[in-house]
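Student: Hi, could we look through this one together? I'd like to start with the aromatic side chains.
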Amino acid sequence: MAIGWRDDLLTGVVEVDDQHKELFRRFGELLTACNQGQGGEEVLRLFNFLDDYVVKHFAAEERIMRQHGYPDYLEHKQQHQGFTRRLEELKRQFRDEGAGLSLVITTNHVMIEWLSRHIEKMDKEIAKYVK
């Protein structure tokens, strides 16, 4: 199963689109590492990357929403908080159980599914409103 950026996920906000592309690139690296039997090592790198990057990305989106008076700001922010909580759960599982195949697959699936749905439904709405 290939995971990669799709142009239908473009929001038209360059800063946000570039950040989304980087997130997809990182998840693609996780899948590649899994296929090479190195998923455990890569999931740790992904978690370390996400700790910092997701905070910056969500802050950028939230800044744009506030600047433009986006009416669904609070709902969108709650979605970000939900993603952050899910990420924390996966990291806790990693600490408690290690990087077994189940964790690697779950991490990849949860993160990509959430990110795709979030972009398609929530982030595109911001872009429409901003324009």
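Student: Is Phe-24 buried or exposed?
Tutor: Phe-24 is buried, at a relative accessible area of 3%. Buried means under 20%, exposed over 50% and partly exposed in between, using a 1.4 Å probe and protein chains only. Keep in mind that this is a predicted model, where local features need pLDDT of at least 70, side-chain atom pairs count only at pLDDT 80 or more, and totals for chains, interfaces and linings use all residues. Residues are numbered from 1 along each chain as its sequence is written, and side-chain values use heavy atoms, without hydrogens and water.
Student: And how many aromatic pairs are there?
Tutor: Searching the whole structure gives seven. Rings of Phe, Tyr and Trp (its six-membered ring) pair if their centres lie within 6.5 Å; planes under 30 degrees apart are stacked, over 60 edge-to-face, the rest tilted. Trp-5 and Phe-24 are edge-to-face because their planes meet at 85°, with centres 5.6 Å apart.
Student: What about Phe-49 and Tyr-53?
Tutor: Those two are stacked, since their planes are at 25°, and the centres are 4.6 Å apart. The charged end of Arg-26 also sits over the ring of Phe-49, 3.9 Å from its centre. For that call, NZ of Lys or CZ of Arg must be within 6 Å of the ring centre and within 35 degrees of the ring normal.
Student: New topic: what does Leu-50 touch?
Tutor: Leaving out residues up to four places away in sequence, Leu-50 touches Leu-23, Phe-27, Val-55 and Leu-87. Contact here means heavy atoms within 4.5 Å.
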